[in-house]
Protein chains: 2
Amino acid sequence: MAGLSERKQRILALIIESYISTGEPVGSKTLSATMGNSVSSATIRNDMADLVELGFLMQPHTSAGRIPSQSGYRYYVDNLMAKYELGTDEQERIKTWLQSYSGEPDQLLEKAGSILSELTNCVAISSSPSDSEATIKRVELVPLSSKTAMVVLLASSGILKSMVVRTDSEITVEVAEVFYNIMQSYFLGNSVADIDIAFIQTLVASLGDKVFVMSPLLCGVADLCTSVKSTDLHFNGQSNILNHPELSIDAFELMDFLHREAPTKALLSSHKKPLTVAIGEENAFKELRNTSTIFSKYSVGDKDSGSIGIIGPTRLDYARLIPSIKYLAGVIGTLLTETLE
Amino acid sequence: MAGLSERKQRILALIIESYISTGEPVGSKTLSATMGNSVSSATIRNDMADLVELGFLMQPHTSAGRIPSQSGYRYYVDNLMAKYELGTDEQERIKTWLQSYSGEPDQLLEKAGSILSELTNCVAISSSPSDSEATIKRVELVPLSSKTAMVVLLASSGILKSMVVRTDSEITVEVAEVFYNIMQSYFLGNSVADIDIAFIQTLVASLGDKVFVMSPLLCGVADLCTSVKSTDLHFNGQSNILNHPELSIDAFELMDFLHREAPTKALLSSHKKPLTVAIGEENAFKELRNTSTIFSKYSVGDKDSGSIGIIGPTRLDYARLIPSIKYLAGVIGTLLTETLE
DNA sequence: CGTTAGCACTTAAAGCATCTGAGTGCTAAC
DNA sequence: GTTAGCACTCAGATGCTTTAAGTGCTAACG
């Protein structure tokens with residue numbers, strides 16, 4: 001990998017940085033000038049030709065300058081790019097923006113996403129905290145009317161979910177008692193992953209005439225367990241897709257892809273490293289072949305919990321954005337952890 | 001308004017319908033053919049010229065056919081368009097799609113919006129039920145841990161909201177008792193509109209040393225009252241903006257407008273009639289001047305509660321879409337009312 | 001009188017040739 | 001290994017012509 005001479009590295013970095021900021025192909029003459037004419041344009045042309053040979057640069061056509069290829073970006077991100085540190089002022093700005101957060105994780109992510117999309121001019125996507133290994137910490141039944149009640153579930157991961165349940169017969173004090181007993185014996189302390197419809201069905205079978213009241217309630221609890229495992233997505237700045245000519249060519253395809261949600265969820269939960277940068281074809285989904293994605297996990301407590309990041313053109317200011325996203329994910333993790341008593 | 005001869009009306013209707021389905025300007029010769037050559041193209045040309053004079057038609061340029069103007073569409077919607085009735089099969093399809101709804105209004109609207117956007121190829125927008133005249137029917141405090149609790153508020157309109165509240169000191173049984181007493185005396189039965197921060201502050205002042213525990217709890221209740229009054233928006237099929245050339249020209253502006261939410265909320269709640277069709281410039285917001293909007297209110301119980309509808313190009317199949325949206329809003333209202341015991 | 005045929009006129013869009021300029025690759029000299 | 005010099009390439013801009021769709025107007029028709 002280190003087969004590149006000092007000068008070629010410098011040339012590659014300068015081309016990428018110039019192209020990132022202007023979007024225009026870079027020619028040998030211009031480049032020679034920005035390097036203070038320390039090397040002639042002819043020399044640079046030779047080096048450029050080699051870099052094309054190596055696959056780091058491309059030319060849109062013979063008489064245009066060079067633009068980075070996807071592996072060019074990759075080499076840049078891995079080897080050349082300055083490891084930028086966020087200025088303390090920018091850190092402060094992000095922190096204070098997020099500080100005003102009320103306790104609802106979704107609200108925090110919505111805000112973080114909106115900051116991120118404005119900061120990056122890209123589509124920001126985040127997934128709400130989820131934890132399939134969570135156990136059931138607490139279940140409450142809040143009667144609302146004679147035949148409706150709210151079921152509240154608190155998971156060990158701090159995730160709280162609730163829903164309204166309707167039953168066909170009255171929810172008496174006795175019913176509530178039976179409900180709490182069932183919770184105590186079969187639910188509390190168990191993993192949310194173990195509670196599914198099959199489990200509920202075997203359970204319900206032994207309830208005799210209470211079946212019709214209890215069944216909806218227990219199904220409700222099962223639904224909540226499912227939703228603790230699953231992640232919700234937040235999108236921000238979708239209109240930014242149209243800001244980037246590279247993306248707006250098949251903007252429809254891309255937006256459609258994002259809104260299908262299932263693959264997007266997979267995208268957010270699939271990446272293994274704390275921070276993943278996927279450039280162009282490196283993305284698992286073919287709809288993203290023209291994009292770069294940067295996603296960072298955030299942790300609640302000491303467990304990875306969700307992700308936040310961006311989808312943008314391959315022409316991204318990686319050096320600036322990667323630290324920003326990393327920092328943002330850190331703040332989110334801290335804030336969510338604080339809430340978890 | 002009836003100044004149009006039978007034939008001119010027919011010509012106008014045919015031009016509009018042809019343009020709606022093909023998007024191409026309509027010429028006199030083609031039109032004469034579709035009318036079975038019962039009138040010659042020259043005659044149609046004369047009538048067309050009159051219709052341009054009257055402002056119902058436009059020509060993109062001299063040598064092109066005619067396209068409907070905004071007032072042409074308006075005349076069509078008001079006078080010419082066949083009052084289409086939804087086929088029972090389509091009605092059934094919509095109903096069964098929505099039937100599988102669990103009891104959460106947001107989920108229902110999300111589903112309805114996705115149906116609508118697919119049905120219309122437009123952006124579907126809906127607002128969740130809200131009622132600023134609602135009164136507080138019930139408030140519950142669900143302790144979660146020593147210092148956190150969930151506050152649940154049920155409004156007379158059937159809207160249920162909840163949130164998690166953190167306090168600095170322990171939420172004891174005694175605290176809960178005080179809380180319920182305060183609810184009983186100052187909150188239950190009152191209008192959600194009356195509960196605001198100022199009210200909470202005067203109330204809190206008289207609480208002595210309980211201030212620090214109660215204040216967050218009461219503020220939570222006030223927040224919930226606010227959220228009962230306010231509406232949430234649901235968007236579906238946003239990528240459809242890019243399906244319509246007329247819209248995609250300033251797609252960015254439009255998407256940006258929609259995501260600003262405040263004006264969009266105003267749009268959804270401002271229309272007075274049960275079903276409103278606004279064509280082009282008829283829209284209150286300048287960002288919508290190139291669009292047509294069709295929105296229908298739905299009622300929960302016997303009160304108008306929220307709206308659902310679409311934003312699309314002015315070239316919309318009004319005859320088909322208006323009944324669909326009307327029907328969909330009806331089903332939503334019915335389903336939501338059923339849930340309200 | 002309304003309707004129709006005929007024809008000259010208009011115009012956007014497509015096709016085509018030309019020109020321009022940025023940038024290259026190669027060769028030969030340093 | 002580096003550089004100057006120069007012929008070459010090609011996208012994009014410019015301007016011209018052609019094409020085809022559709023019009024408006026006039027004069028004739030029933």
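Predicted model: local features only at pLDDT ≥ 70, side-chain atom pairs only at ≥ 80, totals over all residues.

Q: Is Asn121(B) buried, partly exposed or exposed?
A: The relative accessible area of Asn121(B) is 39%. Buried would need under 20%, and exposed would need over 50%. With its 39%, Asn121(B) therefore comes out as partly exposed.

Q: What is the phi of Asn121(B), roughly?
A: Asn121(B) is not a glycine, yet its phi is positive. The value for Asn121(B) is about 60 degrees.

Q: How far apart in space are Asn121(B) and Phe295(B), C-alpha to C-alpha?
A: Along the sequence, Asn121(B) and Phe295(B) are 174 residues apart. In space, C-alpha to C-alpha, the separation is 15 Å.

Q: Which loop of chain B holds Asn37(B), a residue with positive phi?
A: Asn37(B) isn't a glycine either, and its phi is near 55 degrees. Its relative accessible area is 57%, and exposed means over 50%, so Asn37(B) is exposed. Its place is in the loop between helix 2 (28-34) and helix 3 (41-53).

Q: Is Val277(B) buried or exposed?
A: Val277(B) is found in strand 8 (residues 275-279) of chain B. Its relative accessibility is 12%, and the cut-off for buried is under 20%. So Val277(B) counts as buried.

Q: What distance separates the C-alpha atoms of Val277(B) and Pro216(B)?
A: Along the chain, Val277(B) and Pro216(B) are 61 residues apart. Their C-alpha atoms are separated by 44 Å.

Q: What distance separates the C-alpha atoms of Arg260(A) and Arg289(A)?
A: Over in chain A, Arg260(A) has its place in the loop between helix 11 (251-259) and helix 12 (262-270). Arg260(A) is partly exposed, at a relative accessible area of 43%. Arg289(A) is 29 residues away along the chain, and the two C-alpha atoms are separated by 17 Å.

Q: How many aromatic pairs does the structure hold, and what kind is the one formed by Phe179(B) and Tyr180(B)?
A: Over all chains, there are 10 aromatic pairs. In the pair of Phe179(B) and Tyr180(B), the centres are 5.8 Å apart, with 80 degrees between the planes. Phe179(B) is buried at 0% relative accessibility, while Tyr180(B) is partly exposed at 30%. An angle over 60 degrees counts as edge-to-face, so this pair is edge-to-face.

Q: Which helices of chain B hold Phe187(B) and Phe199(B)?
A: These two rings form an edge-to-face pair, with centres 5.8 Å apart and planes at 70 degrees. The pair ties together parts that are 12 residues apart in sequence, because Phe187(B) and Phe199(B) lie in two helices. Phe187(B) is buried, with a relative accessible area of 0%, whereas Phe199(B) is partly exposed at 24%. The helices are helix 7 (residues 173-187) for Phe187(B) and helix 8 (residues 197-205) for Phe199(B).

Q: Which residue has its charged end over the ring of Tyr19(A)?
A: Chain B has Arg315(B) with its charged end over the ring of Tyr19(B), 5.9 Å from the ring centre. In chain A, the charged end over the ring of Tyr19(A) is likewise 5.9 Å from its centre, and it belongs to Arg315(A).

Q: What kind of axis relates the two copies?
A: Chain B can be laid on chain A with an RMSD of 0.1 Å. That takes a turn of 179 degrees and a shift of 0.1 Å along the axis. In chain B, the C-alpha nearest the axis is the one of Val142(B), 3.9 Å from it. The copies are thus related as by a two-fold rotation axis.

Q: What is the volume of the largest cavity, about?
A: A search of the whole structure turns up one cavity of 30 Å³ or more. Among the residues lining the largest cavity are Leu247(B), Asp250(B) and Thr291(B). By class, the lining has two nonpolar, two polar and three charged residues. The volume is about 40 Å³.

Notes: Residues numbered from 1 in each chain as written. Chains lettered and ligands numbered in written order. Heavy atoms only, no water. 1 Å grid on protein atoms, 1.4 Å probe; cavity = no way out; pocket = protein on both sides within 12 Å on 5 of 7 lines; lining within 4 Å. Points joined across faces, edges and corners; volume = space filled by probe spheres on them. Nonpolar A, V, L, I, M, F, W, Y, C, P; charged D, E, K, R; others polar. Phe/Tyr/Trp six-rings, centres within 6.5 Å; stacked < 30°, edge-to-face > 60°. Buried < 20%, exposed > 50% of the residue type's maximum accessible area, 1.4 Å probe, protein only. Helix = DSSP H or I, 4+ residues; strand = E, 2+ residues; numbered from the N terminus. Lys NZ or Arg CZ within 6 Å of the ring centre and 35° of its normal. Least-squares fit on C-alpha atoms with pLDDT ≥ 70 in both.
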